Amino acid sequence: MNLILFGPPGAGKGTQAQYLVKKFNGYQISTGEMLREEIQKNSEVGKKIINDMNDGKFVNDEIVNKLIKNAVFDPDKKNKLIFDGYPRSLTQAQNLSAILKDSGQKIDFILFLNVNKDTIIKRIEKRKILENRSDDDLSTILKRYDSYMQTTKPVLEFYSKNSNFYEIDGNLKIDEITTKIEGLINV
Ligand code: AMP
């Protein structure tokens, strides 16, 4: 089973992805996490992306698509992919469809965690204290929210036509969201 967790920053994608990883031995494919690792390693990619990441801007598609391709073609991860934070634009969604097809896979569930701006601000402020992420200050949060609204909303419109698309109230408590996801995917 492959699954996309979709929604603005702070919607709880990462938390639910970690739960799903345990539940069905899946792999969390978090582009944000992969990009933060590149920065920590101070790699060539890390040096290129650090400014955009800290500004809450999207990292260039070429870099992100390459990370995704490696994960999708990893035989250990085949049909165990839990996408968290990818795709974020129509081009990325088209890229994902193409590489999944090339690797003989498909998406089984697209779960949209719908959450309002107030909840996001509260959650990210809490996460900033817990995880100490440099892109979690209020003005960056608002920039990331705006990028999401501008660039990712068309992806939402694109996916929402699919029969395997489900919208979940992301303002609910973590375990309530988990219960809803379990009910949908029946794991
Ligand atoms: P996240 O951990 O998903 O909230 O992502 C943190 C940051 O990583 C974003 O604000 C972007 O700068 C970058 N990023 C993560 N995923 C993507 C993506 N699919 N496309 C472009 N940039 C991304």
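Helices are DSSP runs of H or I with at least four residues, strands are runs of E with at least two, and both are numbered from the N terminus. The model discussed below is predicted.

Q: How far apart are the end C-alpha atoms of helix α8?
A: Helix α8 holds 12 residues, 174-185. At 1.5 Å a residue, these should span 16 Å.

Q: Within what arc do the buried residues of α8 fall, seen down its axis?
A: The buried residues of α8 are Ile177, Thr178, Ile181 and Ile185. Viewed down the axis of α8, they line one face of the helix, because their arc is 100 degrees.

Q: Which residues are exposed on the other side of α8?
A: The buried residues Ile177, Thr178, Ile181 and Ile185 of α8 pack against β1 (3-6), α1 (13-24), β4 (109-114) and β5 (165-169). On the other side of α8, the exposed residues are Asp175 and Gly183.

Q: Which residue just after α8 takes a positive phi?
A: Most residues other than glycine have a negative phi. Just after α8, a positive phi of about 60 degrees is taken by Asn186.

Q: What span should the 13 residues of helix α5 have?
A: Helix α5 covers residues 90-102, and its end C-alpha atoms are 18 Å apart. The expectation at 1.5 Å a residue agrees with this distance, since the 13 residues should span 18 Å.

Q: How wide is the arc that the buried residues of α5 cover around the axis?
A: In α5, the buried residues are Gln92, Ala93, Asn95, Leu96, Ile99 and Leu100. They lie on the same side of α5, because the arc they cover around the axis is only 160 degrees.

Q: Which elements are included in what covers the buried residues of α5?
A: Lys101 and Asp102 are exposed on the other side of α5. The buried residues of α5, among them Leu96 and Ile99, are covered by elements that include β1, α4 (61-72), β3 (81-84) and α7 (138-159).

Q: What is the relative accessibility of Gln92?
A: Gln92 lies in helix α5. Leaving out residues up to four places away in sequence, Gln92 touches Asp61, Val64, Asn65, Tyr86 and Pro87. Buried means under 20% relative accessible area. Gln92 therefore counts as buried, with a relative accessibility of 3%.

Q: How far is a nitrogen atom of the ligand from an N or O atom in the side chain of Gln92?
A: Among the 16 residues that surround the ligand, the closest are Thr31, Lys57, Arg88, Gln92 and Arg144. For the side chain of Gln92, the distance from one of its N or O atoms to a nitrogen atom of the ligand is 2.9 Å.

Q: How much of the accessible area that the ligand has on its own does the protein cover?
A: A polar backbone atom of Lys57 is 2.6 Å from an oxygen atom of the ligand. A polar backbone atom of Gly85 is 3.1 Å from a nitrogen atom of the ligand. Of the 480 Å² of accessible area that the ligand has on its own, the protein covers 96%.

Q: Which peptide bond is cis?
A: Most peptide bonds are trans. Pro87 is placed in the loop between β3 and α5. With omega near 0 degrees, the cis bond is the one from Tyr86 to Pro87.

Q: Is Gly10 buried or exposed?
A: Gly10 is placed in the loop between β1 and α1. Apart from neighbours within four places in sequence, Gly10 is in contact with Ile120, Arg123, Ile124 and Arg127. The limit for burial is under 20% relative accessible area. Gly10 has a value of 10% and is therefore buried.

Q: Is Asn25 buried or exposed?
A: Asn25 has a positive phi of about 50 degrees although it is not a glycine. The residue sits in the loop between α1 and β2 (27-30). Exposed means over 50% relative accessible area. Because its relative accessible area is 55%, Asn25 is exposed.

Q: What is the relative accessible area of Asn79?
A: Asn79, in the loop between α4 and β3, has a positive phi near 60 degrees and is a residue other than glycine. Asn79 is partly exposed, with a relative accessible area of 33%.

Definitions and conventions. Residues are numbered from 1 along each chain as its sequence is written. This is a predicted model: local features need pLDDT of at least 70, side-chain atom pairs count only at pLDDT 80 or more; totals for chains, interfaces and linings use all residues. Side-chain values use heavy atoms; hydrogens and water are left out. The expected span of a helix is 1.5 Å times one less than its number of residues. Buried means under 20% relative accessible area, exposed over 50%, partly exposed in between (1.4 Å probe, protein chains only). The arc is that of the directions from the helix axis to the C-beta atoms. Contact means heavy atoms within 4.5 Å. A residue is near a molecule or strand if one of its heavy atoms lies within 4 Å of it. A polar contact is a pair of N or O atoms within 3.5 Å; within protein, one must be able to donate a hydrogen and the other to accept it, and residues adjacent in sequence count only if both atoms are side-chain atoms. Accessible areas come from the Shrake-Rupley method with a 1.4 Å probe; for residues, only the protein chains shown count as cover.
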